[in-house]
Amino acid sequence: MQEYEYVYLASEYINRSWNILQFWVSITFGLLAIAQLAIRHLNAGFLIIITFLYIDFSFFTARLIRFNGDVVKGFVAELEALADLSLGTMAFINEAPGSLEIALTLSSVFYALFIGTVVFCWYSYVRLVKERGKK
């Protein structure tokens, strides 16, 4: 492959990861909205199913993002092996966020939002059950 093909493919995988993450965040906020607005219509069984599906989807999303990151690393390694890279490609290689930076940023945001969502859903349900028990 040529230099521009590696850069294009790496860029596409980065964009794909971003799109996957945005979709996951939209599902997460939808679940938070359910926990806040529609919790009165949920029972424990349904909430268990929703929680299980969300956990499964979240782990699958994390795996896809990790996979895309590994593919991009491979394309960057192929680029570095080529001779006479253009200035744009050198900037792409040198200025792109490193693995540690991406891992720290994404994992902290991803897992904090993931754990916070699951905890908030169950907190909302337990709070509702306690309110119903007081009546």
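Asp84 is exposed, with a relative accessible area of 76%. That is over the 50% cut-off for exposed. The model is a predicted one. Asp84 sits in the loop between α2 and α3. Its backbone deserves a look. Phi of Asp84 is near 55°, a positive value in a residue that is not glycine. Most residues other than glycine have a negative phi.

Now step out of the loop to the helices on either side. Two packed helices are described by the angle between their axes and the distance between the axes. Helix α2 covers residues 44-81, and helix α3 covers residues 87-95. They pack at an angle of about 135°, with their axes 11 Å apart. The crossing of α2 past α3 is left-handed. Which residues make the contact? From α2 come Val76, Leu79 and Glu80, and from α3 come Thr89, Phe92 and Ile93. By class, the contact of α2 with α3 has four nonpolar residues, one polar and one charged.

Next, the packing of α1 and α2. Their axes are 9 Å apart, at an angle of about 165°. That makes α1 roughly antiparallel to α2, because angles over 145 degrees count as such. α1 also passes α2 in a left-handed crossing. The contact of α1 with α2 has 22 nonpolar, five polar and three charged residues.

Aromatic rings come next. How many aromatic pairs does the structure hold? There are nine. Tyr13 and Phe75 form one of these pairs, with 5.8 Å from centre to centre and 55° between the planes. Tyr13 lies in helix α1 (residues 3-37) and Phe75 in helix α2, so the pair ties together parts that are 62 residues apart in sequence. Is Phe75 buried or exposed? Phe75 counts as buried, at 14% relative accessibility. The cut-off for buried is under 20%.

Phe23 belongs to helix α1 and Phe57 to helix α2, so the pair ties together parts that are 34 residues apart in sequence. Phe23 counts as partly exposed, at 48% relative accessibility. Phe57 is partly exposed too, with a relative accessible area of 23%.

Other rings gather in a group. Trp24, Tyr54, Phe59, Phe110, Tyr111 and Phe114 form one aromatic cluster.

Finally, go to Tyr4, in helix α1. Tyr4 is exposed, with a relative accessible area of 55%. Which residue can be set against Tyr4 across the chain? The C-alpha atoms of Tyr4 and Leu85 are separated by 9.7 Å, while the two residues are 81 residues apart along the chain.

Technical notes
Residues are numbered from 1 along each chain as its sequence is written. This is a predicted model: local features need pLDDT of at least 70, side-chain atom pairs count only at pLDDT 80 or more; totals for chains, interfaces and linings use all residues. Side-chain values use heavy atoms; hydrogens and water are left out. Axes are lines fitted to C-alpha atoms, for helices over the stretch in contact, and angles run from 0 to 180 degrees between N-to-C directions. Helices (H or I, at least four residues) and strands (E, at least two) are DSSP runs, numbered from the N terminus. A crossing is left-handed if the near helix is turned anticlockwise from the far one by less than a right angle, and right-handed if clockwise. Contact means heavy atoms within 4.5 Å. Ala, Val, Leu, Ile, Met, Phe, Trp, Tyr, Cys and Pro count as nonpolar, Asp, Glu, Lys and Arg as charged, and the others, Gly among them, as polar. Rings of Phe, Tyr and Trp (its six-membered ring) pair if their centres lie within 6.5 Å; planes under 30 degrees apart count as stacked, over 60 as edge-to-face and the rest as tilted. Buried means under 20% relative accessible area, exposed over 50%, partly exposed in between (1.4 Å probe, protein chains only). Angles under 35 degrees count as roughly parallel, over 145 as roughly antiparallel, 65 to 115 as roughly perpendicular and the rest as oblique.
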